[in-house]
Amino acid sequence: MGVGTSAARMGWLLGAVASLTASPVAAQEASFTPFTLVEVTTDEVLERIGNDDAVVLTYERAVHSNFAQVGSSPSLYAKGRAGFGETGAYAIASGQRPNVGAYAETSWSDAFTILGGEGEGVLTVNVRVDGHFVGTGQPGGPGPNALYALFRSDSPVTVSGMLGYLDEGDAPPDGSSAVIGLHEAFSGTQVYTADIHFTYGKTFYLASYLGAEVLGDGVADFYGSAHFGATAPGGASIQGLSGTTY
């Protein structure tokens, strides 16, 4: 994940949240609305010159509900797309310093209610992530990296909470728990599964995260990922607030 200065991020975050909240796909604090989210970034590069304070050399960021891209040349570029149940992330850096990178982070969140039974049950979810690297990377860089996680919560996961996670990544968004923990440095085709315990008729919330990043040099191409599916117990029906058939 791209990490800039706290002051710069906080000012940008407040503006981005205000902008997305006006959108029909925004998540409100009072009443949850399913949302999709894309944040793409090229690094804010700080460099100390003599005794002068650090100066910004380059910095670019974009956020949108469905698609966003940054970078005007192949040397530093990122794009991402997001839909309910399916996201894609792509990043490339060419010949950059090992602390300079591009980041594409995508997410969606929906509310689920399962009917057709009584008491508790288990929802089985699976996520197929497809992509590849050009170059050799590792978590934290340099080189390419990819990240995936799925979060569950009994209360809504908001746009502001998800943006905070995309920016900082220190804890799951809005107090949720990770049912598929953060996986990194994978390539090819990976399938992650989890069993989610639920109560019939009681709404719960899922938020999916996919990220691609490159520091220095390389490509992380996960633009054909990630695909989410869910299987309920026999006789049960899954209702997603977004109306999506997963």
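Are Glu39 and Arg61 buried or exposed? Select the two residues in this predicted model: both Glu39 and Arg61 are buried. Next, show the distance between their charged groups. Glu39 and Arg61 form a salt bridge, and their closest N and O atoms are 2.4 Å apart. Now colour by secondary structure. Glu39 belongs to strand β1 (residues 35–42) and Arg61 to strand β4 (residues 60–64), so this pair ties together parts that are 22 residues apart in sequence.

Glu39, Arg61 and Asp167 are linked in a network of salt bridges.

Move on to Arg128 and Asp130. Their side chains meet in a salt bridge, with an N to O distance of 2.9 Å. Arg128 is partly exposed, at a relative accessible area of 37%, whereas Asp130 is buried, at 18%. Asp130 counts as buried because its 18% falls under the 20% cut-off.

Then select Arg152 and Asp154. A salt bridge joins these side chains too, at 2.9 Å from N to O. Here the arginine, Arg152, is buried, with a relative accessible area of 17%. The aspartate, Asp154, is partly exposed, with a relative accessible area of 49%.

To finish, zoom out to the whole model. How many salt bridges does a search of the whole structure find? The search finds 5, among them Glu39 with Arg61, Arg128 with Asp130 and Arg152 with Asp154.

How values were computed: Residues are numbered from 1 along each chain as its sequence is written. This is a predicted model: local features need pLDDT of at least 70, side-chain atom pairs count only at pLDDT 80 or more; totals for chains, interfaces and linings use all residues. Side-chain values use heavy atoms; hydrogens and water are left out. A salt bridge is a side-chain nitrogen of Lys or Arg within 4 Å of a carboxyl oxygen of Asp or Glu. Helices (H or I, at least four residues) and strands (E, at least two) are DSSP runs, numbered from the N terminus. Buried means under 20% relative accessible area, exposed over 50%, partly exposed in between (1.4 Å probe, protein chains only).
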